[in-house]
Every structure is written in structure tokens, then in C-alpha cells.
Amino acid sequence: HASILGSIAFLCANKIVRARTDRRLQELNRELERRIASRTAELRGSNERLTLEIGERARAELVQRALFEISEAVHSAEDLPQLYQRIHGTIGTLMPARNFYIALQDPGSDLVSFPYFQDEADPPPPPRKGRRGMTEYVLRTGRAMLVGLEQIRLLKESGDYEQSGHPAAIWLGVPLQFQGTTFGVMAVQDHGNPAAFGEEDKRLLNFVAGQTALAIERKRSEEQLRERTRRLHESEERFRRTFAALPSSVSLVRLDDLRFVEVNDAVVASSGYGREELLGRTTLELGIWAKEEERTEFFRRLAADGSVRDMEASMRRKSGHVDVVMISAETLEMEGVPHILTLSINISERKQAEEELLKSLARERELSRLKSEFVSLVSHEFRTPIGIIHSSAEILERYLDRIPASERLDHLRAIQTHSWRMASLMEAVLVFGRAEAGKLDFQAMEFDLESSMRRWIEEFSTASQGSHPIRLDVSGLPRKAHGDPDLLRHIVNNLVSNAVKFSPAGSEVTVTLHAAGADAVIRVADHGAGIPPEDRDRLFTAFHRGSNVRHVPGTGLGLAVIRRCLDLHQGSIDIDSEEGGGTRVTVVIPVFAPHPIP
């Protein structure tokens, strides 16, 4: 029994041990299962975090690549439409962007335009102003908006939104901002799927919009710069063409060294210098300013006012000829360098015309004076001989048979003398009148000067009834002279008439004539009253008479007629006189020249 009891005890003990072992194993299994479950949960959490991290990293890399592509598009896109297309493609890699547009607002007019618009349901809208769409809402608020049909309905009811185009199931728009100012909107929309976009897409698009705004602004600035450059080039081209085509002389001078930078064809033509002779040189080096005081005044005005307006100046050509010009100038900057733009107009002809006009006015005044003097002459000089002629004729008519023959002869000689005097007076007036009107003809011919001179003196002595002995000395004359004998007769008659008129009765008048090379020299000398010093400056003024011979009859035309006749012969006159000491007049006339006077 003891062995059986021992075996039973052993079996019981073994069973108890086995039961304890089983419980331990169960506890170990439960602990192991718990640990496995915990570890599995940890691994699952780690895996989810890793998956999320990988997704975020991939999204970040995708966003980074999108930003890089947008930045690269600024450099590679040829224009803004191509840039917008590249941005659209890049946004499409981040979210559904079949329906995508960019809207820009003009700051001056508030007009909203859509330079890029891609939509499955609507065509591009025209530029608009004053609308209350979602685009304008984002422009006003400067906030990104993600709205579905319900939110749009609420906005409509609040009056903040007006429907335009096909209604979208969901609309996402973000502001384009530069330096804190909203200038546009970038938007995507979906017409069928209200869950196409979420808050993550809103944050992502808003983030990308910052780089997109910079890209658009930079591209717009580049295009504006290109446009300004194009306009500048066009303006410069127009300026160049206008500069070259202007009929006035236009030049461009650098202010710091006053050297010519550019000149137009009119400067080349008017100055006589070639373009290569002018460019790079100064007016001082070329001696263009004819008067230094005018050059000084020009630069004084330019320094004081920055410009010069309508200044008259004398400019010297390369040939030495001086022109009168009207010059204006303006200072301006070209490529940051100060220059002087000068425009000048040749007014030499105008100045000459003004001078001619002044001369004409002077001639008109002179003619008016001459008319007045002529009236006075007629009333005085003609009255006396006419009275004497009339009186002598009346005496002869009434008392012809009762007066002695000698007295009748005296009356006839008085009529003859005063008739000759009137004829001489009228001839002097007519010759002077033709000379003043430019109608005094010069008809040169060959003639014998010595025989003509003797005839003229004889005719004068006969007409003056020998009141003064006239002595003529002629020596060494060629047989033939070339000139106008009628004009020469006027010269001789007036010279001898003056000598006789202003000399005491019976005093001798000496006339000499000789040749000096190609010239005939005529000298007339008297012993008369002479010429006072105060009258010598007006000797050749018509109707002017010496202050010491006002009592002697005369017209004051003699020397004026002599001067006109001498001018036509290219001759000269010299007068040597002393008051109370007589007068000696010498005229030199080139009537023996081998080439006749034209």
C-alpha cells in the first residue's frame, strides 16, 4: 500500500506541477500576446507616421519643384501669356486645375481683366468694373476663399456676391499680392465635384500664390521695361529722322567739353564743313563765332536760364563768309550726360531785306523831303527868271518902237539868259530825279573828250554871256575816250556853273584836263566864297546849300547830280575849299581804260 500511496502521491504531485506549469504557460502566452499586440500597435503607429511624413515630404518636394518651375518660367517664358500657361501647368501638378484663371486689376481704373482663363463651361469674360463676383470679393478683402454651393448661396443672400457664368460646385481663389497690395486673383474651380478641393489645397495654393505674384510682377516689369525701351528706341529714331530732316541747322554739343556730338545736314550745308570736320571739335577751335562777345552772351544766358531763345548772332562759315542767324538752345540729358541742343536759322536774307526796307523807308523820307524842297525850289528859283522873262517880253511888246536898240538887246539877252537858267534848272532836276529812281541810263560809247570839253565850255560861256572868263587847259589826252558823253557834260556843266555862280563877277575860272594813265582828270578852280566847315559833310545832299551863299540863286542839286554821274562811271571826286579862299574840285574818271566801263 505504501508504494501505491507513493505512486498516487507522485502522480498527484506531478499533476499539481503540471497544472501550475499550464497556468504559467497561459500567463506567459497572455503576456506575449499583450506585448505582441502592443508592439504591433506601435509598429502600426510608426508606419502611419512614416507614411504621413513621406507624404508631407513628397508634397513639400512637389511644392518646392512647383515654386522652382514658376521661378524658371519667369526667365524662359517669352511673354506674359506664356508665363500664365506655364503657371497653370505647374498648379496642375499640385491639385485638379482643369478650370483655372488669373484675374488682374488695373490700379488706375479698377477695371478687372482676365489675361488667362481656361474653363470647361464658360468662355473668357470681358474686362469688367463694379461687379460683385468671387474674384472681386477676394480683391476687396485680400483673403483666400474656398466656397461651395452653400457658401455661395449665403454670400448671394448677404449681397456680397453676384453670379456670373456657370455656377461652380466648389471655387478656390487666392489673392496675388505685391508689397502688401492685392493686384490680382488666381483661382481654380470644379463644376461637378464639391469635394475637389479642401483646406490643404487652399493653404497650398495660397502659398504658391506668393511666388506666382512675384513672378507675374517681375514679368510685367520686364515687359513694361521692354515696352518703354521700344518706345524709347522709336522716339530716338523719330528724333534722329526729324533731327536729320529739319531744314534749320540743329546740333548736339556735350556740355562738359563743348564738343559736337551730332549735327544735321543743314549744319553741314550752311557751315561748309564736312561732318567729320565738325564732330569731336568745338566752335572755338573752328572759329565759328564771328564775335566773341556774342559767344560770351550766349553761354551766360544758357548758364543763367538753362536755355536761350531767339538770339541774333554772327556765324562764320569755313569760307570766311559771315551769316546772321537766329539761335535758340536748350540743355538736356542724354544717357545721363548733359548736352546742349542748338537750333539756328539763317536770317541773313531777312536782315538784308530789313536793311533794304529801312533804306527804302529812308529813300521815301528823302523823296518826301525832296518833294518839299522841289516845291520850295519851284516857288523860288523858277519865279525869278519867269518874272524877268515875262517883264522883258511885256516891255518889248509894248514899247518895242520907242526904246533904243541897245535896251532892246538887253531885254532879249535877259530873256535868253534866264531861259537858259530855267532850262539848266529843269535839266538838273530831271537828271537827279532819274538818278534817284534808278533810271539814269549809262550809254557808253567812243568819243573825242578834248573836242567835247571845248564845246561844252564854249556853250556855257555863251549861255552865261561871258560874265566870268573861263580858261581851259588841256594836255596829253588820247584821241579816243570811252564813256557816256551826256553824263560827262552834266558833270562839267555843274562844276563850271558852281564855280561861276559862287565867284565874284569878272573873276577867272580855271578848268584843266589831262590824262593820268587810264584816268581823265578834270580840275575846276575858282576864287569864290568857298565852303564853310559845317557844310562839308552835306555837300552831296540834294537841295542843301552852303550857309554863306543862301543869297545866291541855286538849287543845291549840282554836286548831287555830279556824284550820281560819277558813280555810273566808277569815278571819284575830291573837293578842296576854304571859306573865303575859293574852291578846287578834282574829278577822276577812268575813260581811257583798256577794258571799257561796263
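Start by selecting V147: across from it, in strand 4, stands W171. Strands here are DSSP runs of E with at least two residues, helices are runs of H or I with at least four, and both are numbered from the N terminus. Before you go on, note that this is a predicted model, where local features need pLDDT of at least 70, side-chain atom pairs count only at pLDDT 80 or more, and totals for chains, interfaces and linings use all residues. Residues are numbered from 1 along each chain as its sequence is written, and side-chain values use heavy atoms, with hydrogens and water left out.

**Stop 1: strand 3**

Now pick residues 145-148, which make up strand 3. In a regular strand, side chains alternate between the two faces of the sheet. Here M145 and V147 sit on one side, L146 and G148 on the other, and all of them are buried (under 20% relative accessible area; exposed is over 50%, partly exposed in between, with a 1.4 Å probe and protein chains only).

Click M145 and look for its bridge partner in strand 4: that's G173.

**Stop 2**

Zoom out. What is the order of the strands in the open sheet? The 5 strands run 2-1-5-4-3, with antiparallel pairing. At the edges are strand 2 (112-118) and strand 3, each pairing on one side only. From one strand to the next, the twist averages 20 degrees.

Next, select residues 134-141. This is helix 3, and it lies across strands 1 (99-105), 2, 3, 4 and 5 (181-190), at about 145 degrees to strand 5. Angles run from 0 to 180 degrees between N-to-C directions, using axes fitted to C-alpha atoms, for helices over the stretch in contact (heavy atoms within 4.5 Å).

**Stop 3: two loops**

Go to Q179, in the loop between strand 4 and strand 5. Its phi is positive, about 55 degrees, although it isn't a glycine. Is Q179 buried or exposed? Q179 is exposed, at 71% relative accessible area.

Then jump to L258, in the loop between strand 6 (249-254) and strand 7 (260-263). L258 is another non-glycine with a positive phi, about 60 degrees. At 23% relative accessibility, L258 counts as partly exposed.

**Last stop: helix 10**

Finish with L358, which lies in helix 10 (residues 348-399). L358 is exposed, with a relative accessible area of 54%.

Note on methods
Pairing = 2+ DSSP bridges.
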